[in-house]
Each structure stands twice: as C-alpha cells, then as structure tokens.
Amino acid sequence: MERVTGYADLVLAERSPPVVRIEQALLKVAAQLSPDAAVGVLSDACQQRRTTPNRLVEVARGMARLRQRAFLVEVLDDVASGAYSMLERRYLRQVERAHGLPRAERQVPASTGPRRAFRDVEYVAQHVVIELDGRLGHEDASNR
C-alpha cells in the first residue's frame, strides 16, 4: 500500500478497473531493478511505442521519491538517441563517446529482402555499419 498525491494525474480513472499510467508504472518498476534490467524495461516500452523517452523523463522529474532518478534519466537520454539494449548503451557510452567517435545514426531502417530490419549503429560518412545484437536483439530485452 502506498499513499500518493495527485491521484488524477497518476491514474486512468475512466478505465474499469482504474489503472496507473504506464509512465509511472514503468519508472517505479525500473527504479527497483538492476541497471541492466532497468535499461531493458525502459527501452522495451519505448521500442514498442508504448511511451516515449521524453514523456518518461518528464514524469520522472515530477516523481518526488523516485529512486535512481539520475540514472534513469541518463538511461532515457540514451534510449532517446536510439540505444535500445544494454549492449547498445554500453557501445554508445564506452566506445563511441569515450573514444570521441563521430556521432552515429541509430536504429536505421534497412531492407534485407522481404523483411525490414534496423541497423544498430551506422556511421554514414564513413560507410560503416555496426550490428551489435542482431535481429534477435530487436525483439525485447529478454532476447538480449
């Protein structure tokens, strides 16, 4: 049981039964998880278009007692740039940024025969594509 203020902002009361808005639910869950699992939960929700990183950041800033707020906002900034898995986030932070590489485009649509695919990282000017977790990694965090 938890006491909350701003009930109308937290709950979709017109639903039967009333439900908590997805952004609050995701952030509360992610705040209780390991860093890798938190990245998975937040990136999956954004990749599946259930919400956006910007909405999650806005809600996170309004949640007075959110654990790991700075970390979660940092993760959401990386997700907004297209880093949709822990591996992609690590590449962004520990390779691209750490070594001063040019900013890559992420989740670039590409067609491979009849299927539509997404390239994890593409350096357009250098004609370089980096595939970190393959097709399997684009389904959900549990596959990564």
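**Reading the predicted model**

The chain exposes about 9200 Å², and carbon and sulfur atoms supply 52% of that area. The model is a predicted one.

Q: What makes up the secondary structure of the chain, and which pattern does it follow along the sequence?
A: The secondary structure comes to 6 helices and 5 strands. Read along the sequence, these elements follow the pattern α-β-β-α-α-α-α-α-β-β-β.

Q: What percentage of the residues in the chain is buried?
A: Of the 144 residues in the chain, 38% are buried, a term that requires a relative accessible area under 20%.

Q: Why is Ala31 called buried?
A: The relative accessibility of Ala31 is 3%, and the cut-off for a buried residue is under 20%. Ala31 therefore counts as buried.

Q: Where does Ala31 lie, and which residues does it touch beyond four places away in sequence?
A: Ala31 lies in helix H2, which covers residues 22-31. Leaving out residues up to four places away in sequence, Ala31 touches Leu66, Arg67, Gln68 and Leu72.

Q: Why is H2 called roughly perpendicular to H4?
A: H2 and helix H4 (residues 53-62) pack at an angle of about 75°, and their axes are 9 Å apart. Angles of 65 to 115 degrees count as roughly perpendicular, so H2 is roughly perpendicular to H4.

Q: Which residues of H2 and H4 meet, and what classes does the contact have?
A: From H2, Glu23, Gln24, Leu26 and Leu27 meet Arg55, Leu56, Val59 and Ala60 of H4. By class, the contact of H2 with H4 has 5 nonpolar, 1 polar and 2 charged residues.

Q: How do you know that the span of helix H6 agrees with its number of residues?
A: Helix H6 (residues 86-97) has 12 residues, and at 1.5 Å a residue it should span 16 Å. The expected span is 1.5 Å times one less than the number of residues. The end C-alpha atoms of H6 are 15 Å apart, which agrees.

Q: Which residues of H6 are buried, and what covers them?
A: Met86, Glu88, Arg89, Tyr91, Leu92 and Glu96 are buried in H6. Their cover includes helix H3 (35-47), helix H5 (69-80), strand S3 (105-112), strand S4 (115-123) and strand S5 (128-130).

How values were computed
Residues are numbered from 1 along each chain as its sequence is written. This is a predicted model: local features need pLDDT of at least 70, side-chain atom pairs count only at pLDDT 80 or more; totals for chains, interfaces and linings use all residues. Side-chain values use heavy atoms; hydrogens and water are left out. Helices (H or I, at least four residues) and strands (E, at least two) are DSSP runs, numbered from the N terminus. Buried means under 20% relative accessible area, exposed over 50%, partly exposed in between (1.4 Å probe, protein chains only). Contact means heavy atoms within 4.5 Å. Axes are lines fitted to C-alpha atoms, for helices over the stretch in contact, and angles run from 0 to 180 degrees between N-to-C directions. Angles under 35 degrees count as roughly parallel, over 145 as roughly antiparallel, 65 to 115 as roughly perpendicular and the rest as oblique. Ala, Val, Leu, Ile, Met, Phe, Trp, Tyr, Cys and Pro count as nonpolar, Asp, Glu, Lys and Arg as charged, and the others, Gly among them, as polar. Accessible areas come from the Shrake-Rupley method with a 1.4 Å probe; for residues, only the protein chains shown count as cover.
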